[in-house]
Amino acid sequence: MRFLSALAAVAVGATAQRVIPVGFSRPTPRLPALHKRAGTYSQELNNNLTGGGYYAQVTVGTPPQTVDLIVDTGSSDVWILDSNADLCQSRAMQSYYGYCLSTYDSSESSTFSVVSDDTFSIRYVDGSGAEGDYIRDNFSIGGADIEALQMGLAENSTINSGLLGIGFAANVASRTPYPNIMSLFQDQDLIAIQAYSLYLDDLYAETGTILFGGLDTDKFIGELKIVPIEPDRSGNYSSFTVALSSLTTTADNGTVTNYTRSAVPVILDSGTTLTYLPSSMADRVFRAFDAVDDTSGTGLVFINCDYLSNNANFTFDFQFGGSDGPIVRVPIDEMVLNNVQGYIDLGLDVSTLPFDNVCSFGIQPSSDYYLLGDTFLRSAYVVYDLTNKQIGLAQANLNSTDSNILEITEDSGIPDASGVASQVTVEQTATGLPGTGSDGGGLPTVTVTSTSTPSASGSASGQSGENAGARAVPAPDWEALAVATVAGLFGLVGFGMIVL
């Protein structure tokens, strides 16, 4: 409660630039069913470590009904589960797809209206989907009230939670284009331009944060560097596709191995748990790690868990936009996931493997789509600027408990902003909340900057891109500080939906 009180105090001081932080807790972790399923407004995100995905709590209707939605940068529709949806009424479906997390009852809302019957239909590349009506109702997130938002109301679904799609309006599922949530944020003068920043924090963190209309310089390290969003084949902007110019690994002894032969277009997608690379690139990685690709069977790639203990400072290094572009270093414990035993206990049949200590790999092969999901995004601080068609990237400052929030304005776009100098050192506090040893019991402190002036000098486009990584990973200019684990070790990371 003290954490929420601190956030509330921030909101009072931040109204001048429309900053409203909102806190929440993580849902109770549980294993999913055994099958393959792939101003500034602030909304914290639940890290559902076992089921995959990050959940934002919103309200819909009048009076407001609380609904939890998966935050998805890879799609553009907001949709919610009808209280009478087939999945919510069928025990047989629930045994396979999971119980409905939260639903909406249109009969209880005085502001509900139907846009069109039976026209909402969305399908994701993993085969899951939902269908029903398009509706309009009032919608609130992070203290921002949106009037008459068009949403899908799912009457039939193979997904047990609605989604908060925050991509380009051009990518909505409807055959008839409509202004989606990002459009209405700007149209209703809630944010200056269509932009937001995403901070998932590390694998063990209970929450992350999304800032609609702003960014937080305390949540990243070094300079925020900008890369252009790539248009699709038709020349339209429909996804957050950027050029991955190289993927390398850096071993504890400094040995660097390159797995890239040419630049690859990849989508930055928070709705996807894992990272999906071209099959040829993924195969080179698998051979280097003696990983076993069983995606045609169990849906997993298996890897020896010994990498976690024998290579503590090993990183996967993703560079974007060429040799001068930003680099995000992903520590090995974000890619080698100690989650297999939990599934074996539930009956997962694992074939004979060349190693006994079995983990799953956070990288999978794909021949159709290339996605950087949560196994990558937790190490990155990402600013999505839909208006100016650009992405800002920097190394995430994990377990940060401070904030310095800048509004993204029409004049500034993504500002030339400097983050902190090095990875924060986190101590375990008596309350179990992360702290930095300062007075105040380790509570989060926030500084709200009234202008978009960067916290330090420097241009986002003129840096070397070699930001330091987290958890004391090697850095070219300075030595990062080690991060202590501050939350319980929920070692199980489940299968997220692949959503585009």
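## A four-stranded sheet

Let's start with an open sheet of four strands, ordered β18-β19-β23-β22 and paired in antiparallel fashion. At its edges sit β18 (292-294) and β22 (336-337), each of which pairs on one side only. Strands here are DSSP runs of E with at least two residues, helices are runs of H or I with at least four residues, and both are numbered from the N terminus. Two strands pair if DSSP finds at least two bridges between them.

This is a predicted model, where local features need pLDDT of at least 70 and side-chain atom pairs count only at pLDDT 80 or more, while totals for chains, interfaces and linings use all residues. Residues are numbered from 1 along each chain as its sequence is written, and side-chain values use heavy atoms, with hydrogens and water left out.

Inside the sheet, β19 (residues 300-304) and β23 (residues 358-361) are antiparallel partners, with three bridges between them. F302 has S360 in β23 as its bridge partner. Helix α5 (residues 279-289) lies across β18, β19 and β23, and runs at about 160° to β23. That angle is taken between N-to-C directions, from 0 to 180 degrees, with axes as lines fitted to C-alpha atoms, for helices over the stretch in contact.

## The whole protein and its cores

Overall, the protein has eight helices and 31 strands. Of its 500 residues, 58% are buried (under 20% relative accessible area with a 1.4 Å probe, protein chains only; exposed is over 50%, partly exposed in between).

The largest nonpolar core has 75 residues, and F139, F316 and F361 touch the most other members. Such a core is a set of buried Ala, Val, Leu, Ile, Met, Phe, Trp, Tyr and Cys residues joined through side-chain atoms within 4.5 Å. Beyond its neighbours within four places in sequence, F361 is in contact with V285, F286, F289, A291, V301, I303, F316 and M335. Contact means heavy atoms within 4.5 Å.

## Strands β17 and β24

Strand β24 (residues 363-366) is covered on both faces: I363 and P365 are buried on one side, Q364 and S366 on the other. It runs parallel to β17 (residues 275-278), joined by four bridges. Across from P365 in β24 stands L277.

S76 belongs to the loop between β4 (65-72) and β5 (78-81), and is buried at a relative accessible area of 1%. Its side chain reaches the backbone oxygen of F168 at 2.5 Å. Not counting residues up to four places away in sequence, S76 touches G165, I166, G167, F168, N171, V172 and N180.

G373, in the loop between β25 (371-372) and α8 (374-377), is buried too, at 0% relative accessibility. G271 is 102 residues away from G373 in sequence, yet their C-alpha atoms are 6.9 Å apart.

Q423 is in the loop between β28 (402-407) and β29 (427-428) and is buried, with a relative accessible area of 1%. Its side chain makes a polar contact of 3.3 Å with the side chain of N397, and one of its polar side-chain atoms lies 2.7 Å from the backbone oxygen of L398. A polar contact is a pair of N or O atoms within 3.5 Å; within protein, one must be able to donate a hydrogen and the other to accept it, and residues adjacent in sequence count only if both atoms are side-chain atoms.
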